[in-house]
Amino acid sequence: MNAETKSESAIWIPHELPILPLRNTVAYPYSILPLMVGVSRSVRLVEDSVKREGIIGLVASRDGSVEEPQPGQTYEVGTAVKIERVTKGAGSSLEVVVRGLERFRIEYWQATDPFLKASVLLAPDAVEEGVELDALVRSLREVAKEVFSLSTELPKEVGIFLDQVKDPRYLVYLLAGSAGLGVEKGQKLLEQSGLKDKLHTLISHFSQEKEILVLGKKIQTEAKGEMDKAQRDYYLRQQMKAIRKELGDTDETESVGEVYAEKIEEAALPEEAKKEALRELKRLKGMSPQSPEYPVIKTYLDWILDLPWNTVSEDQVDIDGARRVLDEDHYDLEEVKERIIEYLAVRKLLKERTGETVKEKSFDMPEGMGAILCFAGPPGVGKTSLGQSIARALGRRFTRMSLGGIRDEAEIRGHRRTYIGAMPGRIIQAIKRAGTKNPVFMLDEVDKIGMDWRGDPGSALLEVLDPAQNHAFRDHYLDVDFDLSDVMFITTANQLETIPPALRDRMETIRLDGYTEYEKVHIACRYLVPRQLKVNGLRENEITFTDEALRKIVQDYTREAGVRNLERLIGAVCRKSAVKIAGGERSFLTVTPETVRVYLKKERFEAECSECIEIPGIATGLAVTAVGGDILFIEATRMKGKGNLTLTGQLGDVMRESAQIAHSYVRSKAGPLGFEPGLFEDTDVHVHVPAGAIPKDGPSAGLAMVMAVASLFSDRPVRGDIGMTGEVTLRGRVLPVGGIKMKLLAAHRAGLKTVILPKRNERDLDELPKEVREQLKIVLVERIDEALGIALSEETCENIAMAANG
């Protein structure tokens with residue numbers, strides 16, 4: 001191979017060429033191509049080539065976003081060009097004009113620094129003379145002339161110029177440069193070796209362009225006719241406006257109607273909503289602005305247009321990321337976190353395997369996609385904040401609505417537009433505030449919904465919280481269906497018993513019970529203390545809480561299932577510390593138990609079971625309240641009388657019956673308990689449950705009542721470190737009760753050492769934290785006499801055992 005090769009244009013082209021990659025452009029032989037060169041490597045290539053013969057190779061880049069392509073990132077077929085003119089551009093860039101000479105194919109790359117350089121082999125097109133070539137050239141020339149005549153961007157003289165081009169290669173590359181082929185199709189044309197192949201490609205391209213232009217011209221002609229009519233109507237309307245203005249009769253309605261009409265068309269409303277909006281708009285246009293209904297219709301249209309009918313937040317289906325967000329915001333609560341991860345996993349699989357986001361708009365929607373979660377537990381355990389964390393983990397908007405004290409059904413469904421001042425219900429209002437149709441929607445305090453003559457909001461929620469119905473939720477104000485099936489509803493409650501059964505059946509309940517002392521200290525260290533430091537303007541290097549100080553606050557200053565009061569007291573300590581730091585007294589504080597005692601004054605709580613109960617007739621029961629578990633003292637006393645039983649302490653019917661069962665059972669066991677059966681005939685018994693201002697009910701105090709009455713008549717005290725719970729029967733059986741976890745947590749907080757539970761509640765012990773199980777001795781019983789044998793003195797136990805065996 002010679003070192004140099006002569007092209008058809010009689011310009012010597014070296015066998016070794018510097019290579020300049022082109023971005024989003026293909027260079028052809030015979031073409032004049034202006035280039036803007038700004039990359040430093042390319043600028044150096046041009047400057048070096050100008051000093052020599054001025055011939056370089058142009059190849060197209062495979063990826064136009066790469067500024068400095070390397071070998072393998074460009075096509076292998078390019079065009080050798082001659083640099084005709086170089087001028088300085090803005091900054092260090094160059095404006096270069098080149099002329100295409102001949103095709104070449106890269107044999108191998110020689111260098112990449114300071115610029116690309118390759119060994120090339122010229123590849124002229126294979127020209128097969130003959131009748132077929134003449135026919136192809138003529139066809140290309142004719143179809144190109146037709147395209148240029150239809151195009152408004154090129155002058156008509158182009159067709160005359162094409163008739164004067166006799167060289168088939170020149171004609172091909174001239175038309176290729178003006179056809180707008182794009183990089184991929186243009187490179188494919190350049191790489192074709194035969195001229196006939198190139199002619200076929202261009203004829204196909206120009207024929208397609210011709211069809212598009214003919215169709216476009218037809219559309220323009222039809223549109224022009226419609227436009228002429230629209231312009232005539234517009235001209236007449238303008239004249240009417242001018243006439244009205246001269247008469248002093250301006251019409252606001254028409255302009256307002258046009259604005260609403262445009263908004264309705266742009267809003268992409270569902271068919272029913274669009275039909276209703278257009279019907280109301282028609283009424284608005286035929287109405288005077290002074291009409292009382294005019295602002296009512298405008299408000300309605302504003303609501304229809306402002307709702308997020310089609311706006312959806314894209315779910316984040318990153319399982320690990322969601323788990324990390326939930327762990328950052330909340331400690332423990334594993335059951336809730338796992339349920340959210342399961343929800344995300346289902347969304348991810350359905351999205352991946354169906355190829356699109358699942359739309360829950362039919363009755364045969366996938367089960368589990370419309371799950372309604374209910375977080376039930378005492379105050380302060382993190383139910384509401386957990387909803388915000390779930391929204392953050394899912395990547396959705398969060399909106400909240402409190403149901404506490406709502407008694408009017410219209411609060412949920414909205415008021416009908418016949419009423420003055422009617423508005424949509426709070427469900428639709430919250431969706432509008434969220435701005436998307438699939439937010440995480442928290443319905444707080446669902447157990448505190450009221451009911452009166454204005455309706456039952458709980459029944460109105462049945463439609464909202466039913467995945468099979470809420471895809472067509474109809475607000476009374478809007479009076480059109482709105483799809484709530486994409487909303488993730490989360491409700492919160494302190495007590496499940498007050499929620500209507502039909503509503504409770506529609507929700508998946510997840511219990512959030514109280515925290516142990518260990519968990520509270522951990523939560524305080526990880527979440528509460530950093531938050532209170534930030535709220536009170538303190539830095540981490542200015543104040544430190546010891547674990548002992550936090551434990552003292554938990555034990556001696558709070559008695560709660562959650563951590564709300566704990567955070568409040570930590571804030572109080574931080575504020576008092578801030579006074580010392582701001583006043584310059586201290587630059588660093590370590591909060592110890594002694595510091596807590598100084599700042600928070602005397603302790604508010606003492607261990608209620610720290611003193612042994614020495615008086616017969618007192619037993620310690622366990623109960624569940626709205627704020628978590630608690631211990632409950634049952635007190636019994638006797639006096640001369642006629643065998644009456646008195647019950648005080650605001651006891652409900654079920655609890656009063658438990659006391660009567662305890663009274664009858666102990667009376668039937670008088671002999672084993674060591675007293676005369678006739679003692680009941682002339683003795684009145686009074687059973688009292690302290691905290692008389694608080695209503696109490698339920699069967700779980702039955703076992704403690706038996707202990708109190710048995711202790712009273714046997715004259716032996718119940719052990720003070722024992723707590724108990726369980727329903728009792730006249731046959732002496734101990735039946736299972738609910739709320740075991742919260743009751744045992746309360747026993748642990750109160751300092752009890754032993755707890756007597758029904759045998760059938762053994763399965764509930766799996767939910768108990770490990771540290772509580774280790775510190776409590778849990779005794780499981782099936783019969784009352786077993787419990788009596790544990791709680792009373794040994795002599796009484798032996799008598800009971802003998803009676804049971806006998």
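Ala80 in strand 6 (residues 77–88) has Glu102 in strand 7 as its bridge partner. Strands here are DSSP E runs of at least two residues, helices are H or I runs of at least four, and both are numbered from the N terminus. Keep in mind that this is a predicted model, where local features need pLDDT of at least 70, side-chain atom pairs count only at pLDDT 80 or more, and totals for chains, interfaces and linings use all residues. Residues are numbered from 1 along each chain as its sequence is written, and side-chain values use heavy atoms, with hydrogens and water left out.

Back to the sheet. Strand 6 and strand 7 run antiparallel over eleven bridges; two strands pair if DSSP finds at least two bridges between them. Five residues sit between the two strands in their hairpin, and Gly91 there takes a positive phi near 65°.

Strand 7 (residues 94–111) also pairs with strand 4 (residues 32–37), antiparallel again, through six bridges. Leu33 is the residue standing opposite Val98 of strand 7. Then there's strand 8 (residues 117–122), joined to strand 7 by six bridges in the antiparallel sense. A hairpin of five residues connects strand 7 to strand 8, and Ile106 finds its bridge partner in Val120 of strand 8.

Now for the aromatics. A pair of aromatic rings is described by the distance of the centres and the angle of the planes. Rings of Phe, Tyr and Trp (its six-membered ring) pair if their centres lie within 6.5 Å; planes under 30 degrees apart are stacked, over 60 edge-to-face, and the rest tilted. That rule gives seven aromatic pairs. Take Tyr30 and Tyr170: their ring centres are 5.6 Å apart and the planes meet at 80°, so this pair is edge-to-face. It links distant parts of the chain, with Tyr30 in the loop between strand 3 (16–22) and strand 4, and Tyr170 in helix 4 (residues 168–178), 140 residues apart.

Further along, helix 21 (residues 653–668) packs against helix 23 (residues 702–714) at about 40°, with the axes 8 Å apart. Axes are lines fitted to C-alpha atoms, for helices over the stretch in contact, and angles run from 0 to 180 degrees between N-to-C directions. Under 35 degrees counts as roughly parallel, over 145 as roughly antiparallel, 65 to 115 as roughly perpendicular and the rest as oblique, and helix 21 and helix 23 are therefore oblique to each other. The contact (heavy atoms within 4.5 Å) involves residues including Met655 and Tyr665 of helix 21 and Met705 and Val709 of helix 23.
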